[in-house]
Amino acid sequence: MYRHLDLILADVKKSIRREFNNLGGMGFDELNVVNTRKVTQSMFDRLLAGNDAAYLKVAKKAYRAAGGTGKVDEEFVGDTLSAFNLVTGYLYFKETERKRLRLSEQILTAREYDDRLTFNASLRKTANLWYTQTAQYGVDIVDAATLKAYKDRGIEYVKWISKDDGKECADCGDRHGKVFKITDVPAKTHYGCRCYLKPAEKE
Ligand SMILES: [Zn+2]
């Protein structure tokens with residue numbers, strides 16, 4: 001179900017590492033207030049664009065895999081990202097800006113104290129948080145594209161599946177096998193949930 005997402009995320013992880021390594025290679029002499037804003041802005045713009053491209057790919061793949069007869073496009077990805085997400089509890093674009101501002105602040109503080117250790121730790125932490133956000137919304141995109149494909153096919157009921165290839169989502173065990181009306185599927189409740197939905201008959 002999420003195999004294609006995992007492949008793409010591996011690439012995304014590499015480019016995140018590259019971006020943060022580049023930033024980490026900058027000297028404090030370059031990172032004044034104006035330049036830090038500029039550098040973090042363009043870095044996050046690239047990170048967002050990278051995610052957009054990755055999400056569009058996984059959305060199309062998931063939609064096709066679920067037998068969708070229409071299409072998913074940039075707008076679908078944008079809408080999915082813009083919706084309130086119950087797992088993360090935040091709005092994707094607002095949170096992205098928050099992460100950027102926090103990082104800028106941390107860079108400027110580390111610079112003030114000429115503290116490369118704290119600087120590097122901040123970069124690592126932000127990179128990890130960014131990856132976690134990216135991966136979680138990737139799951140969301142796959143789920144949304146799958147559900148859209150089912151809806152486009154006229155499927156009315158879906159079954160919640162918590163087990164795949166021997167791996168089980170322990171937190172969702174009590175939902176396993178339950179059938180929901182497709183317009184009434186409950187949201188996922190935790191990070192990393194890889195439960196998925198299968199077309200089903202009304203019980
Ligand atoms: Zn789960």
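Colleague: Which loop holds Thr-88?
Modeller: This is a predicted model, where local features need pLDDT of at least 70, side-chain atom pairs count only at pLDDT 80 or more, and totals for chains, interfaces and linings use all residues. Residues are numbered from 1 along each chain as its sequence is written. Helices (H or I, at least four residues) and strands (E, at least two) are DSSP runs, numbered from the N terminus. On that numbering, the place of Thr-88 is the loop between helix H3 (74–82) and helix H4 (92–112).

Colleague: Is Thr-88 buried, exposed or partly exposed?
Modeller: A residue is buried if 20 or more other C-beta atoms, placed from the backbone, lie within 10 Å of its own, exposed if 12 or fewer, and partly exposed in between. Thr-88 has 15 C-beta neighbours inside 10 Å, so Thr-88 counts as partly exposed.

Colleague: Which residues does Thr-88 touch, not counting those up to four places away in sequence?
Modeller: Two residues are in contact if their C-beta atoms, placed from the backbone, lie within 7 Å. By that rule, Thr-88 touches Gln-133 and Gln-136.

Colleague: Thanks! How do H3 and H5 lie relative to each other: roughly parallel, roughly antiparallel, roughly perpendicular or oblique?
Modeller: Axes are lines fitted to C-alpha atoms, for helices over the stretch in contact, and angles run from 0 to 180 degrees between N-to-C directions. Angles under 35 degrees count as roughly parallel, over 145 as roughly antiparallel, 65 to 115 as roughly perpendicular and the rest as oblique. The axes of H3 and helix H5 (residues 116–152) come within 10 Å and cross at roughly 120°. That makes H3, relative to H5, oblique.

Colleague: How many nonpolar residues are in the contact of H3 with H5?
Modeller: Val-77, Thr-80 and Leu-81 in H3 meet Tyr-137, Asp-140, Ile-141 and Ala-144 in H5. Ala, Val, Leu, Ile, Met, Phe, Trp, Tyr, Cys and Pro count as nonpolar, Asp, Glu, Lys and Arg as charged, and the others, Gly among them, as polar. The contact has one charged residue, one polar residue and, as nonpolar ones, five.

Colleague: And what is the arrangement of H1 and H2?
Modeller: Helix H1 covers residues 3–24. H1 and helix H2 (residues 33–65) have their axes 10 Å apart and pack at an angle of about 170°. That makes the two helices roughly antiparallel.

Colleague: Which residues form the covered face of E1?
Modeller: Tyr-157, Lys-159 and Ile-161 belong to the uncovered face. The covered face is made by Val-158 and Trp-160.

Colleague: Last one: which residue in E5 is the bridge partner of Val-158?
Modeller: In E4, Val-158 stands opposite Phe-180. In E5, the bridge partner of Val-158 is Pro-199.

Definitions and conventions
Pairing = 2+ DSSP bridges.
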